[in-house]
Amino acid sequence: MSNDIVLDVRNLRVSFGPEETRLAPVDDISFELNQGETLGIVGESGSGKSTLGMALMCLAPAAQNARIEGSIKLQGRELMGLSADEMRSIRGHSMAMILQDPMASLNPVRLLGDQVGEVITAHQMISRDSLKSRVLKAFTSVRIASPEQRINAYPHQISGGMRQRIVGAAAIIGQPQVLIADEPTTSLDVTIQAQYLDLLKDLQREMGMAMIFITHDFGVVAKMCDRVAVIYAGQIVETARVRDLFRTPRHWYTAALIACVPKLQGEAKRLAAIEGQPPRLVSRKPDQPTACRFAPRCPAADKVCEQAPPETQLANGAMVRCWHPREAS
Amino acid sequence: MSEHILLGKDLVKDYPVSSGLLRPRLNVRAVDHINISIKTGVTLGLVGESGCGKTSLSRLLLHLEQPSSGIVQFDGHDIWRHDAAHIAAYRLAVQPVFQNPYSSLDPRMRVGDIIGEPLLNSALRKDERLERVSQALAKVGLSGEDARKFPAEFSGGQRQRIAIARALAAQPRIMILDECVSSQDVSIRAQILNLLKDLRDDLGLGFLFIGHDLPSVRYMSDEIAVMYLGRIVEQGPADAICHQPRHPYTQALIASCLPSDPDQAAQGAPPKGELPSPLDPPKGCAFHPRCPLADEICTQIRPELNDDGTGRRLACHHPI
C-alpha cells in the first residue's frame, strides 16, 4: 500500500444555530486517508459520525445557519470554498457515498438502470449505448444476476440486499477515489450483511479506491478497516491501526465500546455495558477549551479531566486524547 | 416460584395471498409444523433471517393470530379454548416487547399511562395500578418522574426500557422479545441485554428471545432454535449450537457473523444467495439451493426434525 494521501481533513467543524449559542456536532476533526485504505469512523448514535460523513461531501446539515469550516483536500485540491457547480462535479464522480437505508436512497418511481446511469449523465455527455454498457457493467460488478432485466425494474421489485447493491453500483459507477459508506449494512440481515461487506472489499481491491466506513459496530470495523478513528461527542478520541486498537485500546471509551459487543466464541461473560448516555450538544466558542467529554462515564476520570485533554501522538501514527490513557501493555 | 410453561404444538400458519382478481388464491406458509416450549426461568433463543417466520410464530404465541392448525397451550390449557376471563389472564401472563420503540409507544400518551394501560384490563384499583407503574419504572432504571413525560423526551435506549416496563407492569411469567435490541447501538444494546438478564433471574421469567444477531442471542439464551423458511432446522444448548453447529445452515449463519477482532479468521463462507420465496419453497430440504453439502436426496425428501442423540434436535440429511 502506498502512502499517498487521497483525502486530508484539517480542523473540520460543522455547526449550526444562532451565533451566540452555536452547536457543533462535528468539532475540530482532523485525519487523513491514504490511497486504497479503509478508515473506520466509529461512534454511538449522536456522536456526529453521520454529520461528519455528509460534511466530507460539503453537505451541511439542514438546520438553521449551518456552516462547515476547516479544510478538506481531495488529492491536494481544497474543496472548501468551491462553488456549488464545482462541488457537484466532484460528488458522485471523485467522491461517492452509500447511505444506510437503500429504500430512502432510491427513487421508487424510476427504473433502477436510469437511477444508476444518472450518476454518469450528471457529469458528462455520453451516447445511449455506451451509457447502457457502463450501467450493465456496474450492475455486474455488484453481482446482480441477469442485469439486462434488472435495469428495467423498480426498487420495490427487488429485495433489500439487492437494493443496497444497486446503491453500491450507483456509488462506484463514476469510479470514485473515495467511497464514504455510512452504516451501509445496518438495515440488512446478517447473511446479506456478510455478502455485502465481502462485495465492498472486492470492489475496493479491483478499483483501488479508499473507503471511509462509518459504523457503530466494532465487528464491522474488525472485518473491514485498516485504521480506525473513534469519535465521541463530535471529537476524535483515538486513532490507531485496527489491530493495535483491538489489542491495546488506549482510550477508555474505545475499550468500553469493544467490551460491550457480545461474542460468539469462548465463555459467555457478562457484557461490560457503558452506563449513561452520550452527552447532548453544548455550545462553545471554537477557541474555548472544554473538559473531557467522556469523563462523566469514564472509570478513570478525576479532577484533571475537567481540563481539555491533550492529544498524545503515539507510534504508528496513532493518537489518543486522554489525560490518563490506558497502559500500552 | 411456580413453574409455568408455554407450549406450541405442531403449529402451522398459512397466510392467503391473492395476486389478482382472477388468479388462484395462494397460501404462504409462514410457520410450518413447529413445536416449541418456553418455560419460566429459561431463555429460548430463536434465530433466522428476515422472512423466516420468527415474528409470525411469536404472534401465534401471543394470541394475536389464530394458528391454521396446531395448538398453543399455557399451563396445559389450549388458549384458543379459553373463556374471556382466562384470555385476559393469559394476556397479562405472556407479554411482548417489540423491535421498534418508536412505533410501539403511543407518542401522545404519557409514559405512566403507556405502562399502566395493559392493567386496565385487570381487576386492579387505580392506586394499585399506579404502584405497579412506579415499581416497573424502578425495575428498568427509570425514575418515578419519568411517568409524567412523553415518549419523545426519551432516547431510543430509554424508550426500549419503557417498553420493557410496560411488559413488567403486568407481572408476566413469560416474555416474548422480538428483535428487541436490533435497532439499538452496541453500547445501548449491552445495557438492555444486561437489564433483561437481571430481570429474568430476579423475577424467574421465561423468555423467548428472537433475533438475527447470533452473538446477542447466544449471550441471552440457554437454548437456541434455528429457523429457516418456517421450520426449525436445529435446536440445542446455546454453546453447543454456536461452537459445534451440525446443520449447514447454522454453520453458514455463524460464518456470517462479524469477527470479534481483526485476527479472527472467517469460519467457512456465508450462505450464497438469499432466502427463497415462501410462496414457492424449494422441494425437499428448503435449504438445499444454498447448501454446500446438498445432493440428490436433499432435493427430493424433506428431512424431519429428530433428536440426534446428543441433546439437540436436527433436520438434515448430511449433518456436520
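Predicted model: local features only at pLDDT ≥ 70, side-chain atom pairs only at ≥ 80, totals over all residues.
Residues are numbered from 1 along each chain as its sequence is written, chains are lettered from A in the order in which they are written, and side-chain values use heavy atoms, without hydrogens and water.

In chain A, eight strands form an open sheet of mixed pairing in the order S6-S7-S8-S3-S9-S10-S12-S11. Helices (H or I, at least four residues) and strands (E, at least two) are DSSP runs numbered from the N terminus, and two strands pair if DSSP finds at least two bridges between them. Strands S6 (95-98) and S11 (311-313) of chain A each have a single partner strand, so one side of each edge strand lacks a neighbour in the sheet. Strands S7 (residues 178-182) and S8 (residues 210-215) of chain A run parallel and are joined by five bridges; A:Val178 has A:Ala210 as its bridge partner in S8(A).

Helix H8 (residues 190-207) of chain A packs on this sheet, touching S3 (38-42), S6, S7 and S8 of chain A (contact: heavy atoms within 4.5 Å). The direction of H8(A) makes about 155 degrees with that of S8(A). Helix H11 (residues 252-259) of chain A lies across S3, S9 (227-232) and S10 (235-241) of chain A, at about 105 degrees to S9(A).

The contact between the chains takes 46 residues from chain A and 41 residues from chain B. About 3,700 Å² is buried between chain A and chain B, 54% of it from carbon and sulfur atoms (accessible area, 1.4 Å probe, lost on putting the two parts together, summed over both). Three salt bridges are counted between chain A and chain B (a side-chain nitrogen of Lys or Arg within 4 Å of a carboxyl oxygen of Asp or Glu). A:Arg243 forms a salt bridge with B:Asp263, with the closest N and O atoms 2.3 Å apart. Helices H7 (160-172), H8, H9 (218-224) and H10 (242-247) of chain A each give two or more residues to the side that touches chain B; H8(A) gives the most, with eight residues.

Terms used. Axes fitted to C-alpha atoms, helices over the stretch in contact; angles between N-to-C directions.
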